[in-house]
Amino acid sequence: MKKNSNTPTLVNSKDVGVSDRFDDVYMDYIPNEICSAEKDGNSILFKSQNNIHLQVEIYTPTMIRFRYAHKGNFQEDFSYAINPDFEKIDTPVQFEEKDDYFHISTNKLNCSVQKSNLGVSISDKDGNILCADKSGYSARQTIHKGVIKVAIQKESPSNEMYFGLGDKSSALNLRGQNCDNYNTDAFAYGEGSYTLYRSIPFYYGLNEGKAYGIFMDNSYRSHFEFDINKDNTTTFWAEGGEMNYYFIYGPELMSVSQQYHELTGTTALPSMWSLGFHQCRWSYYPDARVRQLAEDFRKHQIPCDAIYLDIDYMDGYRCFTVNEKIFPDLKGLVADIKKDGFSTIVMIDPGIMEDPNYWVYQSGIENDVFCRRSDGTLMTGPVWPESCVFPDFTKPEARSWWEKLYEELYGNDNIDGFWNDMNEPAVFKVNNKTFPDDVLHHYDGHPTNHRKAHNIYGMQMSKATKDGLLNIKPAERPFVLTRATFSGGQRYAAVWTGDNVATWKHLIIANRQSQRLSISGFSLVGSDVGGFVDQPTGELMARWIQMAVFHPLFRIHSMGNNADGSGAVLDNIMELDAADRKDQEPWSYGEKYTDINREAINLRYKLLAYLYTAFYEQETLGLPVLRSMAFYDQTDEKVVNNEREFMFGNDILVSPVVRPGAKTQTIYLPKGEWFDYWTNKLLIGQKYTRKAISETHIPFFVKAGSVLPLYPVRQHTKEAVEYLELNVYTGTGESTLYEDSGNGFEYQNGAYQKIIFKSELSEKEFIVSTIKEGNFKPDYDTVKVNIIVAKNKYKTLTIDGQTVDFQVNDNVLSFETNAMFNELKLS
């Protein structure tokens, strides 16, 4: 048999007769010589002699799509991941035939396709190879299973590093790692766990200071092998479907990120309250316990904006119902704690109890919205109820049905947000923890089975939830938190890192995962602060809270304990004392840690103006809110290899404390100049600094030339902002402040205030000028300005040409004004 032919290769045999029988027979497809090449606009179709087709389509000067069909027939072009609003750029493309290859070029990239085997190589305009096939494309198909593998094998230069892939708990640099994408209920997962809750088949490559990205838009279970055999080979492949990937060139990592966000969508600007502090456990009940929790937050003067109700608020795990025994007046409870500034978020799972007397089940049966097996019977399985059915969220009619189910809880009871859990989809008691492969899905008119639909199930659930909330309250920004999702799911919901463990190792993992998910599209991300499984020490909880101040989703969540000594679950967990309940509130570790945790959460509320601005830039520019340090300087090896520190927005570098008992911490600061937030000391970049570590806070640094907006500490975000504080750090740079009402969509029609601060430092003077945009008027009139200087050599301060008095405290010059200045000048 010829290796490069389409002759079937039989399992465990090379030479067989027609009467031989095997468990299955597979056929490998590897392209041979090109027999035709046709250009149609910005798309070129190549055909090999053995009928393998490659379509190369230029989307932008720096983005190229590659699609392969191993029998010459492309599948219908449909994707849940691609942003419906994405628009290709009309790009001039040159196409030439050479002796051994075809040459395709834009003004940014050169792409060659080898005549011998469809091998692809991409280089920049200087001829530097960015990404090249090794053995290139291959596919495998069997008689019983159909296509089981579509793969691309790439060269992996020895210095190349890889980042991204979203939900992975391993080291940030993926080189040497074998990663799977298959949404999995991964309770108490560990470092390097093979599969977790989300599938994001997008990675960055970085070599010799130049970055690119590859997004494989294929929802089947996928695999990414980054030089795992140390043979300079990277392979990515999926267990079905079509090989369809996008190459995205930077050369900056940030540019790759922005283009990926353009392709798959950004996170919509969240409501301000959703960026406050959230408190959750499994579970807060009854009604009196929730009221006591709200009262305790205000008594301890610890800010909080949201309280969660886990699954026990339901009537026997029936979604969209309420257990009136423990919550006799849920609407009244929600209204009462809202007066104290608390939003309420409740859990909704996809598993619907199989109960003919349950209205959701009845309605779903009547509307034929539940998943069915290949024999036409309903897909049933245990989750929290002993037997559940599951909506097919890939069916438009099922999503429409699901949207309406929120009417009572959201429209009538005024619940503020929804937490979609268990939507991998999780199924208990079976080894694979999910549906069998033969479950059928509508797939929006492209019928398929669960092999293809599994990874997008949770994403489509969160889409249906978000759409339902928008339909019920079109003037409110919906808050949806989902456990499972896929690339592009950032358009619908926030994510968290799942059922982690209360250990110092998991503190490190939470740092990695949050960075990685943010650079992979999911900026509205956080972890279960303190750990979901087990209970942290006071020190670990404090350090986790201090780090999570800088994570966009800021939520304590824990398993807790709701059972008595015999193991019986109690209707009233207030019968247990705090130790037996395993409480994990900020005040649960004694007065010392209550004060430390309060100070940390206060800092979060001061930083909300800065964080909100970062989300405005995420929505409009595709900038990830959290960034690994490589995104700040991809040319400095010490920066690129740094896992612990991270960037929070454009101007803040955070150094979390991830070791128990730490007294000092050595930090490498990247290029530029940085001010220590706590001491206001100026530090020079590209050097190590050794910091004494305080129990009360973690180190973070502000880039010189930045203007850091700060709000006063409030107990919740619905309290009025009485003044704005601006920390102006001398240097040359540019910063932004964005404000609006904090909810609703009026900002899309100009009801916002955007101020760009441009700072310039010279030998004799320091000038900050502002550019203002929008017609929103904030609550406050007073602006308090603190100018932090490296050395106080200044004598005169003018605001818009008028000399003003200022106070001096060491190297901080302070003044107040009743209006935002146009120009500030120190001389």
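The lining of the second largest cavity divides into six nonpolar residues, three polar ones and one charged residue. In this predicted model, that cavity holds about 50 Å³ of space.

A search of the whole structure turns up three cavities of 30 Å³ or more. The largest cavity has a volume of about 80 Å³. Here the lining consists of Y610, T613, A614, E617, G649, N650, D651, V707, P709, S735 and T736. By class, these are four nonpolar, five polar and two charged residues. At least two lining residues come from each of α13 (608-621), β43 (707-710) and β45 (733-739), and α13 supplies the largest share, four residues.

Pockets, which are open, can be described in a similar way. The second largest pocket contains about 440 Å³ of space. It is lined by 24 residues, of which Q75, F78, G241, E242 and K452 are the closest to its centre. The lining of this pocket comprises eight nonpolar, nine polar and seven charged residues.

The protein chain has 14 helices and 53 strands, and its C-alpha atoms fill a box of roughly 95 × 70 × 50 Å along the principal axes. Because a compact globule of 827 residues would have a radius of gyration near 28 Å, the chain's value of 28 Å agrees with that expectation. Of the 827 residues, 62% count as buried. Among contacts with a separation of 6 or more, 67% join residues 24 or more positions apart.

In helix α4 (residues 359-367), the buried residues are V360, Y361, S363 and G364. They lie on the same side of α4 because they cover an arc of only 165 degrees around the axis. The elements covering these buried residues include β24 (352-353), β25 (388-389) and α5 (396-404). After α4 comes D368, with a positive phi near 50 degrees.

S36 sits in strand β3 (residues 34-40). Leaving aside residues up to four places away in sequence, S36 touches L45, F46 and K47. S36 and K115 are 79 residues apart in sequence, with their C-alpha atoms 9.5 Å apart in space.

How values were computed: Residues are numbered from 1 along each chain as its sequence is written. This is a predicted model: local features need pLDDT of at least 70, side-chain atom pairs count only at pLDDT 80 or more; totals for chains, interfaces and linings use all residues. Side-chain values use heavy atoms; hydrogens and water are left out. Contact means heavy atoms within 4.5 Å. On a 1 Å grid over the protein atoms alone, a cavity is a set of points where a 1.4 Å probe fits but cannot get out, and a pocket is an open set with protein on both sides within 12 Å along at least five of seven lines; lining residues have an atom within 4 Å of a point. Grid points are joined across faces, edges and corners, and a volume is the space filled by probe spheres set on the points. Ala, Val, Leu, Ile, Met, Phe, Trp, Tyr, Cys and Pro count as nonpolar, Asp, Glu, Lys and Arg as charged, and the others, Gly among them, as polar. Buried means under 20% relative accessible area, exposed over 50%, partly exposed in between (1.4 Å probe, protein chains only). The arc is that of the directions from the helix axis to the C-beta atoms. The radius of gyration is taken over C-alpha atoms; the globule rule is 2.2 Å times the number of residues to the power 0.38.
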